Amino acid sequence: MNKTLKLTFAALALAAAFNAQAETLAVIETNMGNISLSLDETKAPKTVANFVSYARKGFYDNTVFHRVIDGFMIQGGGFTPDLAQKATDKAVINEADNGLKNTVGTIAMARTGDPNSATSQFFINTADNTFLNFKNKTPQGYGYAVFGKVTSGMDVVRQISKTPTETRGFHQNVPIKPIIIKRITVTQ
């Protein structure tokens, strides 16, 4: 094998190793089934680190999907079954300008009107929500940071999205029967 071919193979092996390290795998265990995720550390490093930190310290254990809108998204990661909001760490920088889009099956950070206000809450898109994508670096155009995608369990996501909801206090679109996030496990 000539020297150029050896260098090409070495470069390809290095690129493959780097790409393998740039993916974090996680599983959302719910009372309706499991949702497996691939998290993109390359395009959303701060957001993935934030999500992984919450997961590893057990923050998501026994929280709920508290906002479910069929044909839009399912949102969780911040409330207990009785809708008490959990105290969070400081907000993470919005990485919505990373090229990832809010398409069916992607996971993104929920936030307030402040583009840099995301903490623990996330949502899984059940539609192509292009209006949530990054447009520009203004409060109206910043978008919602996608940081991964569902790799298996979209049937569970769809089942959750079809759950009957109600208004409870100041919360709208709350599942009548709680959808419990038992835990989120980072597997790789």
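Where is Asn-62 found? Asn-62 is found in the loop between helix 2 and strand 3 (63-69); helices (H or I, at least four residues) and strands (E, at least two) are DSSP runs, numbered from the N terminus.

This is a predicted model, in which local features need pLDDT of at least 70 and side-chain atom pairs count only at pLDDT 80 or more, while totals for chains, interfaces and linings use all residues. Residues are numbered from 1 along each chain as its sequence is written, and side-chain values use heavy atoms, with hydrogens and water left out.

**Fold and confidence**

The chain has three helices and ten strands, which run α-β-β-α-β-β-β-β-β-α-β-β-β from the N terminus on. The predictor's confidence in each residue, pLDDT (from 0 to 100), has a mean of 92 over the chain, and 88% of the residues reach 70 or more. Over residues 7-21 pLDDT stays under 50, and the model has four contacts for them beyond four places in sequence; contact means heavy atoms within 4.5 Å.

Of the 188 residues, 46% count as buried, that is, under 20% relative accessible area, with exposed meaning over 50% and partly exposed in between (1.4 Å probe, protein chains only). Among contacts in the chain with a separation of 6 or more, 68% join residues 24 or more positions apart.

Most residues other than glycine have a negative phi. Asn-62, although not a glycine, has a positive phi of about 60 degrees. Phi of Asn-173 is likewise positive, near 60 degrees.

| Residue | Location | Relative accessible area |
|---|---|---|
| Lys-43 | loop between strand 2 (33-40) and helix 2 (45-56) | 41% |
| Asn-62 | loop between helix 2 and strand 3 (63-69) | 48% |
| Asn-173 | strand 9 (residues 171-175) | 25% |

Why does Lys-43 count as partly exposed? Lys-43 counts as partly exposed because its relative accessibility is 41%. Leaving aside neighbours within four places in sequence, Lys-43 is in contact with Asn-98 and Leu-100. Lys-43 and Ala-96, 53 residues apart in sequence, are 9.4 Å apart in space, C-alpha to C-alpha.
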